[in-house]
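My plan is to look up a few contacts and write down what I find.

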Amino acid sequence: MKAFTFERARTLAEAANAARKPGAKFIAGGTNLLDLMKLEIESPQHLIDVNGLGLDKIELLPDGRLRVGALVRNTDLASDSRVRRDYGVLSRALLAGASMQLRNKATTAGNLLQRTRCPYFYDTNMPCNKRHPGSGCSAIGGFSRQHAVVGASSACIATHPSDMAIAMRVLDAQVETARADGSVRTIPIADFHRLPGNTPHIETALEPGELITAVTLPKPVAGTHIYRKVRDRSSYAFALISVAAIIEPNGAGRVALGGVAHKPWRVEAAEQAMGSGARAVADKLLAGARTTEDNAFKLVLVHRTLHAVMADAKKG
Amino acid sequence: MNEFDDITLTRRDLLIAGALTATAAAVPQALAAPQGAAPEQAPVSAKVNLQVNGRTHVLELDTRTTLLDALREHLQLSGTKKGCDHGQCGACTVIADGRRINSCLSLAVMHEGSSITTIEGLGASDKLHPMQAAFIKHDGYQCGYCTPGQICSAVSVLQEIKQGIPSHVSADLNAQPLLTPEEIRERMSGNICRCGAYSNILDAITDVAGRPA
């Protein structure tokens with residue numbers, strides 16, 4: 001690990017000020033960033049500990065939305081009685097991810113900012129456009145079983161590893177941030193993560209020094225909340241594919257996919273086909289898919305998992 | 001006469017000597033900085049207060065020091081083990097402010113004022129924690145390397161179920177989770193045992209869970 005200076009920010013203004021230092025990075029749970037720092041995939045020169053900013057509350061807003069502080073731990077979000085009752089898809093997605101030790105540390109904002117688990121991103125001996133823009137993509141033509149089937153580019157076929165973010169996408173959550181100049185803004189989750197294009201190293205809409213302060217959930221969304229994750233082990237493994245869904249008794253609803261793209265994958269137009277069965281929805285969700293020999297199974301897996309989810313919803 | 005009679009190194013000493021040799025061999029390469037590279041930041045140290053097993057420690061540490069290394073290398077509490085050092089195996093599990101975490105994925109300087117419980121704080125050889133006694137009774141280990149982490153997790157699992165924290169296998173998110181083998185297995189999945197003592201570990205935890213608190 002490269003050496004770095006360290007400070008604990010006590011206010012947003014302090015954090016914003018500190019973020020101007022060269023090579024500065026915020027740290028909260030640290031469960032992903034420290035792992036990457038040990039491998040020198042990330043080498044911040046200055047770490048700003050934001051754990052003291054008091055952004056660890058979950059509050060019900062007067063209009064019925066639920067505001068989740070950036071520093072709320074994954075365990076606390078999954079266990080919150082309002083989340084368990086009204087946002088089951090989110091609780092389920094969180095509990096399907098990582099281990100209890102990691103969920104006890106990992107934060108809401110940090111979970112959104114997780115970096116890919118592409119093995120070539122982790123292998124510093126191999127070209128990777130995320131690690132070294134312009135160096136090439138080793139996954140294209142390499143082992144690509146875990147990789148993206150939609151929205152990828154010739155520069156990168158990595159997937160986003162988060163379960164939580166898939167549920168946030170199906171709920172249409174809003175990401176609240178504070179910019180380095182003190183201004184604040186709200187980014188719809190649909191626009192928060194980027195597709196790789198020619199700049200796969202730029203993964204989110206955040207500007208340098210911009211800090212996530214909260215993620216706000218809409219008013220409770222009626223319907224059966226389901227998160228179905230398919231993986232190589234039944235616990236403590238990343239998704240091959242996952243389905244987050246909220247389905248009403250009449251079969252209408254919304255659905256988002258994990259493990260298939262560089263960002264949580266939702267195609268609102270596909271949801272018009274919910275009444276026509278899983279095949280119709282899957283075809284629309286995965287229109288234009290480009291697979292490799294290794295990951296072509298994901299198309300079949302999405303269809304079958306979606307079928308199972310829709311059948312479960314019917315049972316109630 | 002045995003030619004090894006004068007060698008009294010313990011297995012631990014040997015492991016340390018081996019690690020030092022490897023480090024020494026690596027130094028010349030590390031010093032040979034590539035030409036034109038940005039100057040490296042010199043090591044930085046910072047002060048941190050840690051409450052470990054009820055005792056306060058003030059440490060001056062390189063900011064890169066993980067909580068795991070602070071415990072093992074600076075406080076000589078070597079019960080907590082370093083397995084993968086990447087949060088994948090659970091050997092480094094400790095309880096920080098009442099919650100189990102991977103101490104390898106946390107910087108010591110981020111634990112200012114934290115209260116840490118390690119395996120040494122749970123029990124001692126003359127006064128075992130009930131979970132330690134149950135692991136012995138049920139043979140919940142073979143080599144023992146993952147055991148301190150397993151025990152810190154196991155103690156926390158029972159606490160988490162009592163607190164009503166749901167898991168991936170809880171059928172009803174809104175009900176009190178049950179003390180079933182399925183729940184315990186899911187909650188222990190962050191602790192790997194390469195000897196494969198899982199079924200005995202489950203027996204040990206079930207035994208402790210079944211006793212009145």
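Which side chains meet D85(B) in a salt bridge? I looked, and the side chain of K38(A) does, at 2.9 Å, N to O. A salt bridge here is a side-chain nitrogen of Lys or Arg within 4 Å of a carboxyl oxygen of Asp or Glu.

A note on sources. This is a predicted model, where local features need pLDDT of at least 70, side-chain atom pairs count only at pLDDT 80 or more, and totals for chains, interfaces and linings use all residues. Residues are numbered from 1 along each chain as its sequence is written, chains are lettered from A in the order in which they are written, and side-chain values use heavy atoms, without hydrogens and water.

Next, the interface. I find three salt bridges across the interface of chain B and chain A. Chain B gives 46 residues to the contact and chain A gives 43; contact means heavy atoms within 4.5 Å. The buried area is about 3,600 Å², with 54% from carbon and sulfur atoms. Buried area is the accessible area (1.4 Å probe) that two parts lose on being put together, summed over both. In chain B, L105(B), M110(B) and L173(B) lose the most area to chain A, together 19% of what that side buries.

Last, two helices in chain B. I looked up α5(B), residues 147-162, and α7(B), residues 198-209. Helices are DSSP runs (H or I, at least four residues), numbered from the N terminus. In α5(B), Q150(B), A154(B) and L158(B) meet I201(B), I205(B), V208(B) and A209(B) in α7(B).

Conventions. Axes are lines fitted to C-alpha atoms, for helices over the stretch in contact, and angles run from 0 to 180 degrees between N-to-C directions.
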